[in-house]
Amino acid sequence: MGAQFARAQPRPSSEAPELEWDVGAPPVIVREDVTDPERIRAILTTAVALGSRALLRRGDRASPLRLERLERDTGRLHWRCVAPDAGPCHVELQGHGCVYRLHVAEGPHAAGAWVTSLPSRIVQVRRRAHRRAPSPRHLCVRLPLPGWLGRERGAVDLSLGGLSLRLAPGERLSVGRSLEPIELLTEDGARLSLRGEVRHVTACADGALHCGLQVTPGSRDDAERWRALVEQALHPTTRADGALVEAHWRLFSDSGYFDLAGRSPEWFEARRASFVALGQRARGLEAVLSEVVWPSERGVEATLSVMKPYRSVWMVHQLARHPDASRYERARGQMLRDLYVRAVEHAQADSGFRWLASYIESTVPFTHRVHVGFAERMAHTGRTCLLPMRMIDVECAPPQGRQDSELELGPATEAERRRLAEELALTRPPCYAEALDLRLEALDLADAARSWRARGLERERHLLVARAGTTPLAVAVLEVGPPGTNPFRLLDSARLFPLSARGRDAYPALLDEARRWFASRGRDGFTFLAEAPGDVEAAGLHDEAPEMKPYLWLIPADLAPEFLEHLHEQTACRPLPIPDKELS
């Protein structure tokens, strides 16, 4: 097919049709040695740009410091700290969801300024399954312990999987102790119940104890309230409750998002009602989608959405940003970072999350640096996929009337379904078929569709085969999703795959029948996802935007934290052109 696919190892398919908030995941410790000089420079430059917290450690002692500057030519690091003692020491530098450890030798220091050389090695350590955030003000914790009746302790920080608090001098808890119920009292008087286990007890400098608890909600209602509480703490600058859906829609127009496909304002206005109606139902649809917005006093400044179109894939899409939105940022690139972090962390909270995907437009500088750059950086692992494609709008009416009288069109038989799965195994990387539910056991899309239908939303797949006599020539994979999920009909899609040497001859007939199928479901058009060179021409279509270079971008879920770290590096340290086009 002419495309160079990166290979990805298959992962177990998710069998859970519902979103399971993964609050009880055990901590995962991941260590990586970073020795590439350019990568080390990128990490340290990001720390300077973001003002990342750091600690200087020598033995049991630790003191705060800050990396103020990295000299481009010499690589020397300029720190601000209390003058260190003589001899080498270690620095712990905070990254996004990780800590970077570097060994530094003594350098010149005076009046709190310290200069060291560029390290040849940095160790990246990820210790937690979930990122922590400072606790909301006045969040109190009551523990079910003898003699503690009425005692309340303020929470220090929390994550989806746990929280920590300070114990008073003399109070003791043992590691491994189970606590139920733990009662949380919020500032507005709400109460929720948790089950917990003591994971660590650490002495503080003032003699108090810092206690870390792994927690799980006591009921479904508690789970929803706990998730909302944690999300507000983790993502204070963004919202995903649908309350600003009208302003969200206006942003698409103000940002130039609607200028992508040469459509008229009337064409988009016809889709406005379904988008608004879906957005107003945001609370309760978290299992299948989340629409993240960055609000300001004038409305919505930027947005990014994430949805779960297949049983183990979360897909980011619908990125838009107001042309002058940066004036509302406290730090350079903050808006894009916060949108992506909330969208990706929403996916990470799902225990069925196996793949992160997007349809990207690689000619957008931001998208190229963040998505393409990360896939290229991780290409040596063989676990990322960049599939070049064309995305063609197809109108349903009128059909072109090019039905070949020698062809028979009909639903795929079981033998033809097996034939399609075999063809994809030969022509696509393993991650493609697994992520897009195109392996034999998932071709009916039943598991993925169940979550959508349970919420009253449409999700369906149909396999249409063109045959010459009894010989299958080609298959069309047709899908519909709820109107309103994406203004460009991303979930109303068709893919065409040849099953024989003459397969492409059947493409026009298959697309005509696809027009009828989509029209019977109330659609005025759909998106043809052409994944092989020549598919557009073989289908009798014309590419109205040949200068565009879209890709299917796909990475395994365990690389999502590293992707977010890469996003921080790209947004903190480089120019940020407005992402004024994003084919998703």
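**Starting at Phe526**

Phe526 has a relative accessibility of 0%, so Phe526 counts as buried. Keep in mind that this is a predicted model. Phe526 sits in strand β27.

What does Phe526 touch, beyond its neighbours within four places in sequence? The contacts include Ile392, Asp393, Val394 and Cys396. They also include Arg489, Asp492 and Ala494. Leu511, Ala514, Arg515 and Phe518 complete the list. Take Cys396 from that set. Phe526 and Cys396 are 130 residues apart in sequence, yet their C-alpha atoms are 7.4 Å apart.

Now the chain as a whole. Contacts between residues at least 6 apart in sequence were counted, and 72% of them join residues at least 24 apart. The chain has 584 residues, and 54% count as buried. Its secondary structure comes to 12 helices and 28 strands.

Back to β27 and its sheet. This is an open sheet of six strands, in the order β22-β27-β26-β25-β24-β23, with mixed pairing. At the edges are β22, residues 390-395, and β23, residues 407-411, each pairing on one side only. From one strand to the next, the twist averages 25 degrees.

β27 covers residues 525-530 and runs antiparallel to β22, with six bridges joining the two. Within that pair, Val394 has Phe526 as its bridge partner. So much for our starting residue.

Move along to β25. Buried or exposed, how do the residues of β25 mostly fall? Nine of the 10 residues in β25, 471-480, are buried. On one side, six bridges tie β25 to β26, residues 493-498, in the antiparallel sense. Val477 is partnered there by Arg495 in β26. β24, residues 460-468, is also antiparallel to β25, with nine bridges between them. Across that pairing, Leu464 stands opposite Ala476. β24 and β25 make a hairpin, with two residues between the strands. Gly469, in the turn, has a positive phi of about 70 degrees.

Next, another sheet. This one is open too, with six strands in the order β17-β18-β19-β20-β28-β21 and mixed pairing. Its edge strands are β17, residues 289-296, and β21, residues 385-388. Neighbouring strands are turned against each other by 20 degrees on average, direction ignored. Leu386 stands opposite Trp553 in β28. Helix α3, residues 245-255, packs on this sheet and touches β17, β18 and β19. The direction of α3 makes about 105 degrees with that of β18.

Last, a helix pair. Two packed helices are described by the angle and the distance between their axes. For α6, residues 365-377, and α12, residues 560-573, the axes come within 10 Å and cross at roughly 135 degrees. The pair is therefore oblique. The crossing is right-handed.

Which residues meet there? From α6, we have Phe366, Arg369, Val370, His371, Gly373, Phe374 and Arg377. From α12, we have Glu562, Phe563, His566, Leu567, Glu569, Gln570 and Thr571. By type, the contact residues divide into five nonpolar, five polar and four charged.

That's the tour. Happy to take questions.

How values were computed:
Residues numbered from 1 in each chain as written. Predicted model: local features only at pLDDT ≥ 70, side-chain atom pairs only at ≥ 80, totals over all residues. Heavy atoms only, no water. Buried < 20%, exposed > 50% of the residue type's maximum accessible area, 1.4 Å probe, protein only. Helix = DSSP H or I, 4+ residues; strand = E, 2+ residues; numbered from the N terminus. Pairing = 2+ DSSP bridges. Axes fitted to C-alpha atoms, helices over the stretch in contact; angles between N-to-C directions. Parallel < 35°, antiparallel > 145°, perpendicular 65-115°, else oblique. Left-handed = near helix turned anticlockwise from the far one by under 90°. Contact = heavy atoms within 4.5 Å. Nonpolar A, V, L, I, M, F, W, Y, C, P; charged D, E, K, R; others polar.
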